[in-house]
Amino acid sequence: MEMLVASAIGLMTATGLFLILQGRSFPVIVGLTFLSYAVNAFLFAMGRLTINLPPIITPDAAYTDPLPQALVLTAIVISFGMTALIVVLGLRGFLETGSDRTDLSLAEAAKEPAAAPDSDPAGTPAGEATRA
Amino acid sequence: MVLWLIPLLPLIGAILPALLIRSGRDVCAGATGFVSLAALALLLSQAPAVFAGEVVSVSLPWVPQIQLSFSFMLDGLGFFFAAMILIIGLLVIVYARFYLDRADPMGRFYAYLLLFQGAMLGVVLSNNVILLLVFWELTSLTSFLLIGFWRHRADARQGARMALIVTGGGGLALIGGLLLLGNIAGSYEISEILARGDIIKASPFYLPALVLILIGAFTKSAQFPFHFWLPHAMAAPTPVSAYLHSATMVKAGIFLLARLWPALAGTEAWFLIVAPVGLATMVIGAWIANFRDDLKSLLAFSTVSHLGLVTMLLGLGTKMAAVAAVFHILNHATFKAALFLSAGIVDHEAGTRDVRRLGGLASLMPITATLAMLATASMAGVPFFNGFLSKEMMLEEAAHTTYAGMAWLFPVLATLGALLSVGYSARFAIRTFLGPVRHDYPHHPHDPPVGMWLPVALLIVPVLAIGLFPGAVAGGLVALTAGAVIGGPLPDYYLALWHGLTPALIMSAVAFAGGAMLFLTQERMDALRRRFPRPEAKALFEAGSSAVVLAARRATAWSHDGSLAFYFRVILAVLVATGVYAMATASHEAGTRAMIPVTLPALIAWLALVVACLATVMRHRDRLLALILTSVVGLIVALGFVQFSAPDLALTQVSVDVVTTILMLLALNLLPKTSPNEFSLPARWRDGAIAGVGGLGIGLLAYAVMTRDGASIADYFLAQSKPGGGGTNVVNVILVDFRGYDTFAEIIVLGIAAVAIFALLDPRLPAGALKRVRMLMPQEESGDVHPPMLVVAARALLPLALAVGVFIFLRGHNQPGGGFIAGLVVAIALMLQYVASGYRWVADRKRIDSQAMIGAGVGIAGLTGIAAWAFGKPFLTSTFGYFTLPVVGTFELASALLFDLGVFLTVVGVMVLSLAQLSRVGQSVDPLPTPEQPMDLPLDAAPLHPQPREA
């Protein structure tokens with residue numbers, strides 16, 4: 001069973017990593033969802049795997065480790081919050097720009113150095129303001 | 001106590017001129033002067049103690065971990081410099097009131113000036129090297145603001161930038177040097193460092209510390225080869241030049257040399273470095289000054305030269321030379337400030353400061369001319385002026401100095417420096433004020449208002465007084481200051497006009513004769529000079545800084561190409577490489593923990609997960625498919641939680657998965673439905689390889705941990721859950737009790753995320769965005785937007801779901817459940833109404849605002865925590881008790897339940913707000929008229945008229 005869980009964690013991680021390397025916002029968000037599945041499962045697995053020993057106090061007195069569970073529970077909820085935020089960020093970005101690329105467009109990148117101020121060695125700006 | 005106020009008063013008072021400029025220029029200048037005057041009064045109140053030989057000091061720890069403290073000390077040297085800063089500052093403030101144009105922002109000018117004054121006072125009064133560094137950097141910054149005060153002028157901006165880069169770069173070296181010095185001495189307090197000179201000079205770190213400190217001091221005081229920034233800083237308004245570049249800031253480097261003189265001076269290295277640098281600066285500066293046509297530029301190079309003179313004297317390392325240095329600092333401050341102010345008057349009145357366009361001003365502006373020529377005489381070292389006295393002492397010292405076996409070097413070059421100084425002084429005075437009156441000045445010159453010439457006159461008083469009666473006027477102050485520099489008994493000397501026929505007098509005579517010759521042959525010398533190539537410092541500096549900027553820009557453009565995928569790739573590649581290296585160098589032994597046997601259902605689930613993952617990788621460009629596959633994976637993860645004893649996690653995962661999927665579906669509705677194929681096959685293989693190795697590493701790591709036993713800190717929680725937290729569901733007790741603080745912070749983060757989402761999806765989107773939304777809305781709607789079966793089921797389920805939510809919430813402390821899960825269940829039930837009946841239908845019926853719900857949730861959780869204070873317990877301490885009601889019987893109630901209620905409310909609010917906001921974006925541009933009551937089933941058989949929508 002440990003083998004199955006470990007390979008599943010590895011596979012989910014690999015899927016998530018592959019997807020965040022894509023150049024569009026939606027695959028990146030899906031990739032982050034995969035990564036959060038993988039990370040949650042990984043954290044959970046740090047408490048070792050046990051069957052039928054939920055951390056509910058009973059007279060039998062044998063339990064699995066509750067601490068990773070508490071950590072993962074909050075992690076699940078907070079990763080929802082973060083996913084929602086980046087989904088909305090990506091959406092708003094797309095609506096504003098008409099593109100869901102996760103890089104600057106090449107045209108913008110080419111424009112950048114030229115637009116930087118104070119680039120000429122003499123430093124004399126073209127339109128020098130007169131003294132007010 | 002008073003000591004702190006001296007530097008702090010101008011720093012805090014800097015706000016006054018900025019505010020009071022609205023009340024007029026006189027009020028503004030008056031307030032500035034008042035601040036300086038107050039600081040001066042405070043300083044003078046300490047004078048009796050200082051003159052009695054005391055060292056006044058105060059100290060307050062600031063950051064004790066790095067031995068940084070607000071400690072100030074006032075000894076002779078500090079007093080001398082502080083008095084100079086404040087007195088010349090006052091004169092400059094008066095002068096600037098009349099100098100500045102009506103269009104100049106005077107409030108800003110005086111604010112900068114006071115900031116600079118405070119920083120400068122901090123430098124000279126600090127008794128802690130780190131504090132000194134702070135003030136040192138502050139002088140660089142404020143001088144940048146002052147030099148660039150006329151920000152519309154390119155030369156001012158460039159001069160300011162050059163000054164900042166050179167002095168700031170020197171400041172960096174100084175930081176290293178002073179920290180080394182403090183480490184060697186074992187203390188960062190200057191008074192301690194000064195007492196440990198022998199330890200410092202014997203240390204192997206002495207030389208690096210010395211070199212770094214000297215770089216700092218030389219850049220600040222414009223010593224060769226860093227002298228080039230000072231003339232360019234002359235683009236500043238004249239009061240700034242007079243204040244910063246003659247009297248104060250450029251003296252900061254010299255001050256530092258004088259301050260640390262007992263700790264650093266007297267060694268071979270000190271003499272071999274400092275003295276020749278000073279000598280070279282003196283000669284080179286004076287040489288260049290002879291060929292400058294701009295009065296201020298001439299004075300700037302003259303200042304460089306005189307600073308070199310002082311540096312050389314300090315570099316000689318003898319006590320007598322230190323006395324001469326102190327004396328010359330005093331004399332130079334008086335005559336040079338007067339000269340700068342005079343040059344400013346000439347510029348102001350005649351409209352130019354080019355000596356080629358001036359001449360004959362003596363009869364047009366007699367007061368200014370008289371004052372300026374007196375000051376020039378002092379600069380040239382004419383007898384009966386104070387400049388003569390300190391120059392004689394310098395020549396006397398140089399005459400006795402043998403450098404590297406060359407007895408002639410220092411005397412000859414010192415005489416040459418004096419000669420050149422006579423040459424440019426003559427040029428300054430004669431070419432400006434004497435000669436025939438001209439008629440082509442840009443303005444017709446006349447004497448300025450009294451406010452402008454009075455400061456000059458006040459500066460001339462000491463020039464003459466010290467020149468005639470040196471011992472009586474300056475003897476005490478020089479002895480006090482020199483005593484502080486030397487840190488021991490003073491040498492046997494006396495300040496007097498006539499010392500007899502000394503070598504120095506002969507050298508002076510040679511200098512005067514040679515200087516006169518130079519003045520007469522200036523034009524021929526200039527022509528000769530122009531034949532040789534001269535390095536143009538400014539061009540070199542600009543070329544150097546452009547090259548650095550270009551290199552930085554290239555590096556940035558390469559490493560920050562704006563592509564998220566590139567950044568991720570680099571980060572992941574580094575992480576993967578590190579992980580591979582760590583795994584390759586570690587030992588690998590199989591774990592010994594007994595494994596759980598594989599069951600058939602588990603194997604099937606695993607297979608489903610593998611297929612889903614692989615399919616996602618292969619087919620992710622079909623976004624809807626990718627989304628469905630994602631939720632499949634999420635469900636299998638939830639099943640895993642069920643299998644491995646984590647019922648709470650399974651419940652949470654399932655419900656979050658539902659919400660996430662709905663959210664992503666809503667977003668996908670407004671996004672392109674497919675991703676283009678942008679990457680080449682090799683690129684995809686490369687990304688696949690990175691991802692594959694990363695996944696393999698994580699999998700192996702998880703496997704390695706799971707097959708080994710380990711100690712857990714969980715026993716405490718398991719043991720204390722029931723007796724301490726009053727609940728049997730340990731996970732829930734951890735969340736709301738043991739680690740309640742984390743949960744509290746978490747719901748706050750959730751709330752913030754929801755508010756951010758709300759703000760990002762403001763329905764008032766820009767027009768372009770609205771157009772895009774319209775284009776993306778599906779062209780084909782299903783015939784039945786709100787299918788009756790779904791509507792009926794959703795409405796029937798709502799009360800049931802709410803009941804389940806309450807149930808899960810209440811039992812959460814003892815059984816799987818709790819605020820998080822209950823919140824998710826209720827949120828899903830509410831969302832179902834949006835899905836079934838439409839946004840508007842729900843929005844019209846919703847009575848509780850989602851934001852209010854989030855606020856109430858965080859508020860309740862916080863108040864529950866605070867309530868513990870009322871019982872004298874720390875924040876978020878929980879309690880519980882047993883209560884008996886009729887019918888229900890005895891039950892347990894924990895205060896943590898209230899905290900969980902806060903969690904519940906926050907979760908419901910966040911979920912509903914995020915999804916409702918998303919669906920609203922589509923709704924706000926929905927071209928289809930929505931029936932007023934879309935799915936109130938036609939029991940009333942009302943015709944579904946498209947009615948005008950309410951706004």
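**A walk through chains A and B**

Of the 132 residues of chain A, 56% count as buried, where buried means under 20% relative accessible area, exposed over 50% and partly exposed in between, computed with a 1.4 Å probe on protein chains only. This is a predicted model, in which local features need pLDDT of at least 70, side-chain atom pairs count only at pLDDT 80 or more, and totals for chains, interfaces and linings use all residues. Residues are numbered from 1 along each chain as its sequence is written, chains are lettered from A and ligands numbered from 1 in the order in which they are written, and side-chain values use heavy atoms, with hydrogens and water left out.

Let us stay with chain A for a moment. It has 4 helices and 0 strands, running α-α-α-α from the N terminus. Helices (H or I, at least four residues) and strands (E, at least two) are DSSP runs, numbered from the N terminus. Among chain A contacts between residues at least 6 apart in sequence, 51% join residues at least 24 apart; contact means heavy atoms within 4.5 Å.

Now to chain B, and to helix α24 (residues 503-520). This helix has 18 residues and reaches 26 Å from its first C-alpha to its last, close to the 26 Å expected at 1.5 Å a residue; the expected span is 1.5 Å times one less than the number of residues. The buried residues of α24(B) are Ala504(B), Met507(B), Ser508(B), Ala511(B), Gly514(B), Gly515(B), Leu518(B) and Phe519(B). They cover an arc of only 140 degrees around the axis, so they sit on the same side of α24(B); the arc is that of the directions from the helix axis to the C-beta atoms. An α-helix has 3.6 residues a turn, so residues three or four places apart point the same way. On the other side of α24(B), Met517(B) and Leu520(B) are exposed. The buried residues pack against α20 (386-399), α21 (409-433) and α25 (522-530) of chain B.

Helix α20 also turns up around α22 (residues 450-468) of chain B, where the cover over the buried residues includes α5 (76-99), α18 (319-350), α19 (366-380), α20 and α23 (470-486). Among the buried residues of α22(B) are Gly451(B), Pro455(B), Leu459(B) and Val463(B).

How do two helices meet? Helix α8 (residues 154-185) of chain B packs with helix α26 (residues 537-559) of chain B at an angle of about 75 degrees, their axes 12 Å apart. Axes are lines fitted to C-alpha atoms, for helices over the stretch in contact, and angles run from 0 to 180 degrees between N-to-C directions. That makes α8(B) roughly perpendicular to α26(B), a label for angles of 65 to 115 degrees. Gln158(B), Arg161(B), Met162(B), Ile165(B) and Val166(B) of α8(B) make the contact with Lys538(B), Phe541(B) and Glu542(B) of α26(B).

Finally, a few backbone details. Most residues other than glycine have a negative phi, and most peptide bonds are trans. The peptide bond from Phe224(B) to Pro225(B) is cis, with omega near 5 degrees, and Pro225(B) lies in the loop between α11 (206-220) and α12 (229-232) of chain B. Phe384(B), in the loop between α19 and α20 of chain B, has a positive phi near 80 degrees. At 49% relative accessibility, Phe384(B) counts as partly exposed.

Conventions
Angles under 35 degrees count as roughly parallel, over 145 as roughly antiparallel, 65 to 115 as roughly perpendicular and the rest as oblique.
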